[in-house]
Amino acid sequence: MRTKQCILSEKTDLNQITLQGKQDAAIVAAAMMYEAEELGVHNVWLRGFDSKVVAETFDLPENCVPVMMFAMGYPTEETKHSDWHFMRKPIEETVTVL
Ligand SMILES: Cc1cc2nc3c(=O)[nH]c(=O)nc-3n(C[C@H](O)[C@H](O)[C@H](O)COP(=O)(O)O)c2cc1C
């Protein structure tokens, strides 16, 4: 069964989605990713898509603007992380403590 789950927004213009709306969507999305992982469903975050095309393709209601998608799937025996998965920048490069 395919369902349409809409992650937020009350506005149809992506540029008009409030910062709060984007933050809310990100929080919900992160929780969904953790839960999926907990259930054994691996997933990655995707933002490189045209929201309008996706909305049209999935016939979403006008007040539903896709702000991110996930690629999800069960790993196989052969599944392995890319080398980049384990590369980390020093925390000082990504976090500023005020
Ligand atoms: C905000 C954000 C947007 C992303 N958008 C895309 C995307 O559009 N397409 C894509 O292939 N990966 C995208 N990625 C990267 C994947 O979600 C993932 O981080 C990457 O494949 C590395 O996964 P790994 O560390 O588990 O190996 C995005 C990551 C972030 C944090």
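**Reading a predicted model**

Trainee: Where does Asp59 lie, and what is its phi?

Mentor: Asp59 sits in the loop between helix 2 (51–57) and strand 2. Its phi is positive, about 55°, although Asp59 is not a glycine.

Trainee: What pattern does the protein follow along the sequence?

Mentor: The order is α-β-α-β-α, made up of three helices and two strands.

Trainee: How many residues of helix 1 are buried, and what should its span be?

Mentor: An α-helix has 3.6 residues a turn, so residues three or four places apart point the same way. In this model, helix 1 covers residues 19–38; at 1.5 Å a residue, its 20 residues should span 28 Å, and the end C-alpha atoms are 29 Å apart, which agrees. The number of buried residues in helix 1 is zero, so this helix lies largely in the open.

Trainee: In which sense do strand 1 and strand 2 pair?

Mentor: In a regular strand the side chains alternate between the two faces of the sheet. Here, strand 1 and strand 2 (residues 69–73) pair in the antiparallel sense over five bridges. Leu46 stands opposite Met69 in strand 2.

Trainee: What share of the protein is buried?

Mentor: Buried residues account for 4% of the 98 residues. As to contacts between residues at least 6 apart in sequence, 62% join residues at least 24 apart.

Trainee: Which residues are around the ligand?

Mentor: They are Val44, Trp45, Leu46, Arg47, Gly48, His81, Ser82 and His85. By class, this shell has three nonpolar, four polar and one charged residues.

Trainee: What average pLDDT does the protein have?

Mentor: The pLDDT is the predictor's confidence in each residue, from 0 to 100. The protein averages 85, and 83% of the residues score at least 70. Over residues 8–12, the pLDDT is below 50; this stretch has 15 contacts in the model beyond near neighbours in sequence.

Methods: Residues are numbered from 1 along each chain as its sequence is written. This is a predicted model: local features need pLDDT of at least 70, side-chain atom pairs count only at pLDDT 80 or more; totals for chains, interfaces and linings use all residues. A residue is near a molecule or strand if its C-beta atom, placed from the backbone, lies within 6 Å of it. Ala, Val, Leu, Ile, Met, Phe, Trp, Tyr, Cys and Pro count as nonpolar, Asp, Glu, Lys and Arg as charged, and the others, Gly among them, as polar. Helices (H or I, at least four residues) and strands (E, at least two) are DSSP runs, numbered from the N terminus. A residue is buried if 20 or more other C-beta atoms lie within 10 Å of its own, exposed if 12 or fewer, and partly exposed in between; C-beta atoms are placed from the backbone. Two residues are in contact if their C-beta atoms, placed from the backbone, lie within 7 Å. Two strands pair if DSSP finds at least two bridges between them. The expected span of a helix is 1.5 Å times one less than its number of residues.
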